[in-house]
Amino acid sequence: VNINVIDINEYPPNFEKPIYEAEIYENAEVDTIIYDDIRAIDLDKNRIEYSIINNHEVPFLIDKYKGILKVNGRLDYEQRPKYEIEIQVSD
């Protein structure tokens with residue numbers, strides 16, 4: 001008889017820092033990396049996935065598995081000089 005014990009999700013993943021801040025020029029091209037070290041820790045050691053909650057409002061994307069934030073559209077300082085991005089992590 002083989003019995004596999006399945007891990008339960010005892011610990012939700014948490015970001016290493018509560019806030020990440022960055023600056024980028026308005027003429028940055030699509031795929032320009034803004035942040036390459038957004039990281040979360042999962043004490044259960046499960047695979048974690050990153051996503052942008054308000055992605056329909058922002059011209060950015062995040063790599064689902066690496067947490068790399070990139071430009072995904074045109075930036076215009078005069079139209080919008082600041083963005084607040086809500087990123088979530090799940091396991």
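Is aspartate 31 buried, exposed or partly exposed? Aspartate 31 comes out as partly exposed, at 49% relative accessible area (under 20% is buried, over 50% exposed, in between partly exposed; 1.4 Å probe, protein chains only). A word on the model before the close-ups: it is predicted, so local features need pLDDT of at least 70 and side-chain atom pairs pLDDT 80 or more, while totals for chains, interfaces and linings use all residues. Residues are numbered from 1 along each chain as its sequence is written, and side-chain values use heavy atoms, with hydrogens and water left out.

**View A. Two non-glycine residues with positive phi.** Aspartate 31 has a phi of about 80° without being a glycine. Its place is the loop between E1 and E2 (strands, E, are DSSP runs of at least two residues, numbered from the N terminus). Lysine 45 also has a positive phi, about 65°, and is not a glycine either. Look for lysine 45 in the loop between strand E3 (40-41) and strand E4 (49-52); its relative accessible area is 71%, so it counts as exposed.

**View B. A cluster of rings.** Ring pairs join Phe15, Tyr20, Tyr35 and Tyr50 into a cluster, and the whole structure has four aromatic pairs (rings of Phe, Tyr and Trp, the last by its six-membered ring, with centres within 6.5 Å; planes under 30 degrees apart are stacked, over 60 edge-to-face, the rest tilted). Phenylalanine 15 and tyrosine 20 sit edge-to-face because their planes are at 70°, with the centres 6.5 Å apart. Tyrosine 20 and tyrosine 35 are edge-to-face too, at 5.3 Å centre to centre and 85° between planes. Tyrosine 20 is in the loop between strand E1 (14-15) and strand E2 (33-35) and tyrosine 35 is in E2, so this pair ties together parts 15 residues apart in sequence. Tyrosine 35 is buried at 14%, whereas phenylalanine 15 is partly exposed at 28%.

**View C. Two salt bridges.** The search of the whole structure turns up two of them (a side-chain nitrogen of Lys or Arg within 4 Å of a carboxyl oxygen of Asp or Glu). Glutamate 49 meets lysine 64 at 3.8 Å, N to O. With glutamate 49 in strand E4 and lysine 64 in the loop between E5 and strand E6 (69-71), the pair ties together parts 15 residues apart in sequence. Both partners are partly exposed: glutamate 49 at 29%, lysine 64 at 41%. In the other bridge, the closest N and O atoms of arginine 74 and aspartate 76 are 3.6 Å apart. Here arginine 74 is exposed at 65%, but aspartate 76 is buried at 15%.

**View D. An arginine over a ring.** Arginine 47 lies over the face of tyrosine 65, 3.7 Å from the ring centre (the cut-offs: NZ of Lys or CZ of Arg within 6 Å of the centre and within 35 degrees of the ring normal).

**View E. Two asparagines.** Asparagine 54 lies in the loop between E4 and strand E5 (60-62) and is buried, at 5% relative accessibility. Its side chain reaches the backbone nitrogen of glutamate 86 at 3.0 Å. Asparagine 27, in the loop between E1 and E2, is exposed at 63%.

Notes: Helix = DSSP H or I, 4+ residues; strand = E, 2+ residues; numbered from the N terminus. Polar contact = N/O pair within 3.5 Å; in protein donor to acceptor, adjacent residues only side chain to side chain.
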